Protein chains: 2
Amino acid sequence: MPKKVDHDERRRLIADALMRVAAEQGLEAVSLRHVAAAAGVSAGMVQHYFRTKDEMMSFALSAVSERSEARVQAAVGALGADPPPRQLLRTMIAALLPLDEATRADGRVALAFLAYTAVRPAASAELHPTTAEFVHFIASQLPSGEPHQAAGLLALMEGLGVYLLGGQYEAEQALDALDAQLDLLFGPVPGGRAGTSGWEVRTGFASGGAPLVEVGEESEGVERA
Amino acid sequence: MPKKVDHDERRRLIADALMRVAAEQGLEAVSLRHVAAAAGVSAGMVQHYFRTKDEMMSFALSAVSERSEARVQAAVGALGADPPPRQLLRTMIAALLPLDEATRADGRVALAFLAYTAVRPAASAELHPTTAEFVHFIASQLPSGEPHQAAGLLALMEGLGVYLLGGQYEAEQALDALDAQLDLLFGPVPGGRAGTSGWEVRTGFASGGAPLVEVGEESEGVERA
DNA sequence: CGGTTGGCAATACGACTGCAATGCGAAGGC
DNA sequence: GCCTTCGCATTGCAGTCGTATTGCCAACCG
């Protein structure tokens, strides 16, 4: 073989550029040439490593999931062995929340992919049934062991992420809501951060903030179409 | 003036077609010609009623929110005067959840718009700060009156919607999780549907189901891009 | 009846898309 | 020292995009 290049490294480099484009301008702006320009390579090279655009999208999709998984594992690993369940869950969930600008960018990409795959189920067939396992794990950490409560906690995390991305919740409000939920599930903790002080619903989104309304109806129905 | 046509009715007809296209093929597939074809009109007519595509998108966006609002009001109106807070909240939230195939289509559109506006904040500037008001209202219905708990309940609803759309949760599981949460907030009810019986995490999504993984990381981070 | 005006269709245009095909330089195998 | 093979860039093509422009038809005013 002639040249020696790490095939997978190149693909990751391209996928990084894709995520950068998607985070800034949305998935609609993701095109071969656009991604190539963002990666600082030629459009032909992108085509060389991904024979089709769908292939590129699928790779980027799995890259997103891999990175988040790594993020959770890093956060949990910093916790030491056998942490108390409440702290473990809080750490894992906080690691999955888009709390700072860097993780918000990733969250936007993930959100875009969420809508993307909602219409193209085949694009994510390779991904594992992580959600079900996660619910199961959460339930095992709960005092009640209730799967319903575990599913609710996971959904709460998801919703917090959506609202954080939409700008309706600030990071602190989201964490307060999370802690309040953990209070409900584990029982209140004296030294916790679960106090009610200082919470105020944010108003006045006129200053270029993200939309509120469609978040409120993110999952609403419109009848037929 | 010559002809007599209801300007707004035409716009709604076109917006309906747009939502149909978006629900089936995603927002990326929404183009003037596509929408025109779905509406059974000429492309020129669409252009006549919406001078620009962004104008059309904004109109459809507000139409989505209007419809969901109407849905909630209809559900609440069927409840009679002064319903108990728990029942009121459950009814409102259930009305916003994509529980059947018809509302799922609307939910897909709303999800697409959510990702869309995450990148174009200006497209939704006209929408009101509904979320903050909603949190406030929920808090007023809660025994604790805790805004944190209210924000958490709203986030849980949002997450349930996302997972319902993704196919990770079935309608019954979502409602069970919702009721379990209401149990936590209001205290358990003897006659409630909050039993743990029959809950089983769904596995084996191989059969064309929607993705699980990127839902699990819907709000994760990927570092920088 | 002529003219004006709104409703709507058709077309043209430039920019962009994904993708296939082609070309060329460089690095090893023989 | 060829010669294959890989890495990568370039170009071309058919199609779609959003938008501006043009033109026809029907309806109402005078």
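**Helices and salt bridges in a predicted model**

Good morning. I begin with helix α8 of chain A: 19 of its 20 residues are buried, so α8(A) is largely enclosed by the rest of the structure. Please bear in mind throughout that this is a predicted model.

Helix α8 of chain A covers residues 147–166. From its first C-alpha to its last it reaches 28 Å, close to the 28 Å expected at 1.5 Å a residue. What follows α8(A)? The next residue is Gly167(A), and its phi is positive, near 90 degrees.

Chain A contains ten helices and zero strands. Of its 225 residues, 55% count as buried. Taking the contacts in chain A between residues at least 6 apart in sequence, 65% join residues at least 24 apart. The accessible surface of the chain comes to about 9,800 Å², and 53% of this belongs to carbon and sulfur atoms.

I turn next to charged side chains. Side chains of opposite charge can pair when their charged atoms come close. How many salt bridges does a search of the whole structure find? Over all chains, the number is 17. I shall present three of these pairs.

Arg104(A) and Glu101(A) form a salt bridge, with an N to O distance of 3.4 Å. Both residues belong to helix α6 of chain A, residues 101–119, where they sit three residues apart, about one turn of the helix. They are also part of a network of salt bridges that links Glu101(A), Arg104(A) and Arg108(A).

The next pair involves both chain A and chain B. Glu28(B) meets Arg120(A) in a salt bridge at 3.2 Å, N to O. Glu28(B) lies in the loop between α1 and α2 of chain B, and Arg120(A) in the loop between α6 and α7 of chain A, so this pair joins two chains. Are these residues buried or partly exposed? Glu28(B) is partly exposed, at 37% relative accessible area, and Arg120(A) also counts as partly exposed, at 28%.

The last pair lies in chain B. In the salt bridge of Asp183(B) with Arg86(B), the closest N and O atoms are 2.9 Å apart. Asp183(B) is in helix α9 and Arg86(B) in helix α5, so the pair ties together parts that are 97 residues apart in sequence. Asp183(B) is buried, with a relative accessible area of 13%, and Arg86(B) counts as buried at 16%.

Thank you for your attention.

Methods:
Residues numbered from 1 in each chain as written. Chains lettered and ligands numbered in written order. Predicted model: local features only at pLDDT ≥ 70, side-chain atom pairs only at ≥ 80, totals over all residues. Heavy atoms only, no water. Salt bridge = Lys/Arg side-chain N within 4 Å of Asp/Glu carboxyl O. Helix = DSSP H or I, 4+ residues; strand = E, 2+ residues; numbered from the N terminus. Buried < 20%, exposed > 50% of the residue type's maximum accessible area, 1.4 Å probe, protein only. Expected span 1.5 Å × (residues − 1). Contact = heavy atoms within 4.5 Å. Areas by Shrake-Rupley, 256 points an atom, 1.4 Å probe, with all protein chains shown as cover.
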